[in-house]
Amino acid sequence: MTQTVAAPAPEVAPSTPAAGPQDHRRERRRHRLKLLALHASTLLLLLSAWWFVTAMEWVSPLYLPPPGDVWDAFVRANTDHPVAAGSDRIVRGEQGYYLWEHLIASLQRIAIGVGAAIVVGIPLGLVMGTTWLGVVLEPYLNFLRSLPPLAYIGLLIVWFGIGDTSKVWLLFLAAFPPIAMATISGVHGVRQDQVNAVRSLGASRRQVLTAVVLPASTPDILTGIRVATGFAWTTVVAAEIANGIPGIGGLAYLAGNQLQTALVIACIVVIGIAAILLDLGLKSLEKVLVPWRGKA
Amino acid sequence: MTDRHDRRVEFRGVRHHFTVGGAAVPALDRIDLTIEPGEFVTLAGPSGCGKTTLLRLLAGFMTASEGTVAVGGDAVRGPGEERGVVFQQPTLYPWLSVRRNVELGPKLRGVSAHDRAETASRYLEMVGLADFEKHRPYELSGGMQQRCQIARVLANEPDIVLMDEPFGALDALTRERLQSELLEIWRATGRTILFITHSVDEAVFLGSRVLVMSPRPGRIVLDRPAVFSDGGVRVPADEIRALPEYVALCDEVRGAIHAPTAVA
Ligand SMILES: Nc1ncnc2c1ncn2[C@@H]1O[C@H](COP(=O)(O)OP(=O)(O)O)[C@@H](O)[C@H]1O
Ligand SMILES: [Mg+2]
């Protein structure tokens with residue numbers, strides 16, 4: 001398993017010189033395949049190294065279980081299985097939920113927290129960016145932004161209880177400063193003549209906001225949402241330390257306490273992949289919503 | 001609302017200076033200028049003499065340091081739909097298609113979708129962008145963007161059209177076509193037009209009145225009527241350009257631009 005892959009870049013048949021745009025597309029596809037092969041071989045190398053280190057028993061499986069064990073933990077966490085080897089009692093996944101249910105639970109909290117942050121953060125940013133309220137409120141926004149969310153989770157639990165409400169509040173408070181700040185900086189970045197132009201077309205104050213300021217700020221706002229979502233991810237995992245089942249962060253924490261290292265690693269991998277996919281999704285949303293980014 | 005024919009433009013004792021690093025930089029000296037409704041005023045002058053500043057004061061984008069700018073007897077307090085502005089740099093909205101950019105003014109004023117589509121089509125056709133209506137502005141060349149901007153302003157049917165070197169970035173052919181379209185529109189609608197240009201020929205050819213500004217701080221040093229055909233009779237462009245009066249006025253304008261101390 002240690003052999004490296006000599007990524008066989010598929011040779012393309014020489015094309016007729018007339019096929020210009022097709023050549024271009026083929027060139028791009030070839031480039032993408034090369035990149036994919038590079039990533040695949042890097043990953044394979046890392047996995048092999050991991051496997052090798054554990055197979056040679058250089059470290060105790062308690063600290064670093066072999067890849068196979070992690071895979072088994074991942075499968076176990078997603079299926080009904082006996083509670084212990086040889087037992088008749090069948091349990092569902094881990095802690096009564098499948099791993100993907102834990103993941104969904106965390107994603108739901110993020111969706112609600114970030115969703116609320118979008119609903120509140122964008123209008124607030126618009127108002128702060130266009131009126132004197134910005135000067136008044138900016139220090140408080142900065143204050144909130146600089147607090148690590150874990151510093152006030154205790155307070156939120158006292159206020160809203162140990163259940164989901166305090167977790168969602170935490171995510172909201174973590175996600176909304178970056179969105180509001182991004183909106184403000186978007187508003188401040190609007191070219192004055194873009195505002196002048198629409199006012200010369202007869203736009204009211206309100207129309208200036210909806211027809212120009214808001215759309216012109218969308219690229220910044222979307223970046224803010226991406227930052228906020230990333231931040232919410234790291235926060236949700238931490239928030240689930242207390243009473244976080246179902247929840248992928250809660251599961252990872254619990255598994256760690258029970259020395260189920262393989263399950264912890266399985267959770268970590270899932271968290272990482274989910275975060276990357278989420279960000280990729282937002283990035284492609286950006287391409288759809290602001291195709292002019294960097295062009296105008 | 002004031003009647004169109006009351007929309008006289010008046011600059012009274014207007015001075016303007018910019019503050020750059022704490023120091024006052026004078027841009028306009030003493031501008032006293034009246035533009036009657038329906039005039040096509042062209043304004044020429046060396047670059048940096050304050051032409052854009054004068055236009056922006058009238059557009060309402062800023063307030064004069066001294067003096068008053070009034071339209072129809074009311075002091076200008078800000079931009080307004082009766083004063084359309086064609087910017088020196090195309091100022092289009094990249095989140096809207098070419099057509100939606102042109103429709104924007106009528107849309108903001110609540111014109112029905114059907115009517116504004118019709119208006120937009122007319123002006124898109126006029127500036128030769130009908131085939132590009134679905135494109136986004138950043139997919140157009142600079143000259144096409146400028147034409148789109150002109151269509152957007154005209155589609156809003158302002159009484160006063162302020163144009164800041166609108167044809168500067170266009171190729172000669174397009175420029176000539178748009179020049180005659182603009183003259184056509186002016187004759188047909190009786191709009192007031194203030195048109196800034198650095199081309200002497202363009203100033204004399206287009207304007208019913210030509211102004212020349214001195215180098216910074218700008219003052220108006222030449223003010224001449226420039227009508228070369230008596231009302232209604234359409235004289236072909238090359239015939240106008242061959243007229244001795246036309247050539248003489250071009251020389252006078254050129255002389256005024258190059259002689260900073262010229263007297264009006
Ligand atoms: N926003 C500004 N801040 C400082 N100086 C300015 C500003 N706008 C224009 N100026 C100065 O005022 C003078 C006139 O500028 P402008 O009206 O743009 O000239 P023109 O359009 O005739 O080329 C120039 O010297 C220019 O540097
Ligand atoms: Mg200028």
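1. The axes are lines fitted to C-alpha atoms, for helices over the stretch in contact, and the angles run from 0 to 180 degrees between N-to-C directions. Helices (H or I, at least four residues) and strands (E, at least two) are DSSP runs, numbered from the N terminus.

2. Keep in mind that this is a predicted model, where local features need pLDDT of at least 70, side-chain atom pairs count only at pLDDT 80 or more, and totals for chains, interfaces and linings use all residues. Residues are numbered from 1 along each chain as its sequence is written, chains are lettered from A and ligands numbered from 1 in the order in which they are written, and side-chain values use heavy atoms, leaving out hydrogens and water.

3. How do H2(A) and H10(A) sit relative to each other? The axes of helix H2 (residues 67-77) and helix H10 (residues 261-289) of chain A come within 8 Å and cross at roughly 75°, so the two helices are roughly perpendicular. Contact here means heavy atoms within 4.5 Å. H2(A) brings Asp69(A), Val70(A), Ala73(A), Phe74(A) and Ala77(A), while H10(A) brings Ala262(A), Leu263(A), Ile265(A), Ala266(A) and Val270(A). Sorted by type, that gives nine nonpolar residues, no polar and one charged. (Ala, Val, Leu, Ile, Met, Phe, Trp, Tyr, Cys and Pro count as nonpolar, Asp, Glu, Lys and Arg as charged, and the others, Gly among them, as polar.)

4. Another pair to look at is helix H3 (residues 99-130) and helix H9 (residues 248-257) of chain A, whose axes come within 7 Å and cross at roughly 125°. That makes H3(A) oblique to H9(A). Leu99(A), His102(A), Leu103(A) and Ser106(A) from H3(A) meet Ile248(A), Gly249(A) and Leu251(A) from H9(A). This contact has four nonpolar residues, three polar and no charged.

5. On to the interface: 20 residues of chain A are in contact with 23 residues of chain B. The two chains bury about 1900 Å² between them, 64% of it on carbon and sulfur atoms. Buried area is the accessible area (1.4 Å probe) that two parts lose on being put together, summed over both. Ser200(A), Leu201(A) and Trp292(A) supply 34% of the area that chain A buries against chain B, more than any other three residues.

6. Most residues other than glycine have a negative phi, and most peptide bonds are trans. Glu57(A), not a glycine, has a positive phi of about 55°. A cis peptide bond joins Ile245(A) and Pro246(A), with omega about 0°, and Pro246(A) lies in the loop between H8 and H9 of chain A. In chain B, the bond from Arg216(B) to Pro217(B) is cis too, with omega near -5°.

Technical notes: Parallel < 35°, antiparallel > 145°, perpendicular 65-115°, else oblique.
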